[in-house]
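Please look over the sequence and the structure shown here, and then read the notes that follow, which are grouped by topic.

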Amino acid sequence: MPESETVRRRKIFPHLSSDEAAAKESDEKKQGENDEAYDNAKSNKPTAAAAANNSNKVVRNTEASVHHLLPLPLVIITLLCSGLFWVMSFRDAFATGQPLLLNLSSTSSLAQAELSLLEHTKSQKWYHDDDSSKAYWKSARGGLGSIRPYTSDDNDMGGLFVRKVAGVAAMGYHSTKLWSIVFQSAPVPSLLDGQIKMKGASWSIGHYDPILTLGMLGNCCIAAFYMMRIEELRNAGAEPLVAMLVMASLIEALVFGAYLMSRRMSMKKTKKVIVGNKQQQQPHKQPKRPAQKKKGSKDKDASSSPSSLPATQEYNPQEDPNSIPSRIALRTVLIVSSIISLISVRDLFFPGTIISFIPRDDIYLEWTGAFFHSPPPDTVESDEYGLESPLYAGDKFMGQLLGLYLVLGCVWKFASVCAWSKGNKAMEFKSPENVDRHGVVSSKMIWKAQAFGDMLLLFMLRMFAPAAKSASLDLRWHLMTVAYEMIILGLYGFF
């Protein structure tokens with residue numbers, strides 16, 4: 001019978017049944033592994049929801065980094081307007097009397113206006129464009145080689161000092177705007193004390209509000225200065241160039257004011273939205289009834305009052321958000337810039353007036369030619385130069401321009417040390433805190449640029465020290481004070 005034969009074969013050859021079972025088990029195991037691999041591969045495929053979440057994260061990170069950057073139109077306007085003034089100031093400092101627009105045929109009217117302005121201010125007195133000057137290895141075309149180690153009636157080193165220092169002071173003022181806005185140091189994460197913190201200046205937080213405010217006021221002052229002298233400059237034939245300078249100042253001031261107001265309005269809206277979201281997230285709590293005090297609880301309440309608790313943290317003035325950005329910088333600026341601003345205000349509003357308590361001030365005024373264009377009344381200088389003073393209107397214009405830019409530079413420094421407080425450290429609501437405090441970030445941007453301006457002023461004072469000494473004017477105290485302020489502002493600005 002077939003069933004008996006099958007049973008007999010299984011009894012005689014038992015390994016046949018075990019091999020079939022093993023083969024069946026191996027086939028089932030392989031099938032299970034294939035199914036598991038297929039399921040894993042299917043689960044690893046990105047779904048539409050996961051892809052959308054990843055794209056939203058990328059967009060949020062991009063928006064979080066973009067709102068720290070300055071608006072591009074603001075950067076372009078600053079580069080064009082302040083860049084124009086910076087180039088002209090560089091010309092006055094290192095190439096006195098050299099025309100810049102002479103070789104541009106498309107701007108013939110501006111080129112002629114520039115030549116008229118240079119002739120009016122007598123800046124071409126130290127610009128020698130001839131074959132003999134090109135033979136020397138030193139530049140005699142209004143550059144640093146035109147500075148002589150002695151003063152005489154022929155070389156007029158005092159007049160050259162006024163024009164070159166005016167160019168240096170203007171470079172320091174306009175460099176503060178260009179350095180802060182065009183060359184922005186955007187916030188970047190840094191590892192400090194084992195924690196990731198943000199370091200840099202942010203547009204949306206308001207670090208650039210002081211820069212825009214002071215720049216707007218300074219540009220208005222420059223435009224007003226040129227407009228008050230418009231009749232004099234029109235008679236000199238420099239009206240087209242002066243109109244362009246006034247327009248550049250007012251356009252930049254208008255753009256600064258517009259972006260300043262828009263940023264503050266957007267910040268107020270953001271704060272309202274955040275406060276509203278916080279109020280919605282908080283659950284409504286029922287007010288608790290005040291519990292009745294029991295007898296004997298008076299001593300317990302007195303012992304738990306805050307006044308009786310021991311003070312765990314001492315007051316640290318360095319961490320106080322209401323304190324000034326730096327006390328050392330404040331003392332330095334008050335000592336040095338106060339004297340500079342006093343002399344500059346005198347040169348701007350009261351040229352030729354002798355300040356009696358300043359040593360050798362009369363020699364300084366005589367060396368720089370202030371007695372020629374603004375002789376003090378009822379003095380020997382008034383009797384000698386009173387009738388000729390209208391002929392030195394260009395020298396008076398340059399002397400007042402020097403005072404204006406020095407005053408504006410001092411305003412930058414005064415505001416950076418005492419116009420605002422340190423503030424808090426928050427960069428934004430959900431990001432790590434800033435390394436520097438809110439007000440310190442704004443002050444450091446000004447300190448860096450003003451340290452550069454003090455370096456240029458120090459260099460120019462050192463170049464004219466021998467010529468001033470030959471006129472019995474010692475500039476050593478000027479050099480020491482300006483160098484002291486430059487070192488302090490540089491240390492606190494860059495470190």
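Asp 156 lies in the loop between α6 and α7, where helices (H or I, at least four residues) and strands (E, at least two) are DSSP runs numbered from the N terminus. This is a predicted model, in which local features need pLDDT of at least 70 and side-chain atom pairs count only at pLDDT 80 or more, while totals for chains, interfaces and linings use all residues. Residues are numbered from 1 along each chain as its sequence is written, and side-chain values use heavy atoms, with hydrogens and water left out.

**Loop residues with positive phi**

- Although Asp 156 is not a glycine, its phi is positive, at about 50°.
- Asp 156 has a relative accessible area of 23% and is therefore partly exposed, given that buried means under 20% relative accessible area, exposed means over 50%, and partly exposed lies in between (1.4 Å probe, protein chains only).
- Lys 122, in the loop between α5 (108-120) and α6 (131-134), is also a residue other than glycine with a positive phi, in this case near 60°.
- Because its relative accessibility is 30%, Lys 122 counts as partly exposed.

**Aromatic pairs**

- Rings of Phe, Tyr and Trp (its six-membered ring) pair if their centres lie within 6.5 Å, and planes under 30 degrees apart count as stacked, over 60 as edge-to-face and the rest as tilted.
- By this rule, the count is 15 aromatic pairs.
- Phe 161 and Phe 464 form an edge-to-face pair, with 5.3 Å from centre to centre and 85° between the planes.
- This pair links distant parts of the chain, since Phe 161 is in helix α7 (residues 157-182) and Phe 464 is in helix α17 (residues 438-470), 303 residues apart.
- Phe 161 counts as buried because its relative accessibility is 6%, and Phe 464 is buried with a relative accessible area of 0%.
- Trp 447 and Tyr 492 form another edge-to-face pair, with 6.4 Å between the centres and 80° between the planes.
- Here too the pair links distant parts of the chain, with Trp 447 in helix α17 and Tyr 492 in helix α18 (residues 476-494), 45 residues apart.
- Trp 447 counts as buried at 1% relative accessibility, whereas Tyr 492, at 29%, counts as partly exposed.
- Trp 86, Phe 90 and Phe 94 are linked into a cluster by ring pairs.

**Ser 180 and its surroundings**

- Ser 180 is found in helix α7 and, because its relative accessibility is 3%, counts as buried.
- A polar atom of the Ser 180 side chain lies 2.8 Å from the backbone oxygen of Thr 176.
- Apart from neighbours within four places in sequence, Ser 180 is in contact with Leu 70, Ser 175, Tyr 208, Ile 211 and Met 445, where contact means heavy atoms within 4.5 Å.

Key: A polar contact is a pair of N or O atoms within 3.5 Å; within protein, one must be able to donate a hydrogen and the other to accept it, and residues adjacent in sequence count only if both atoms are side-chain atoms.
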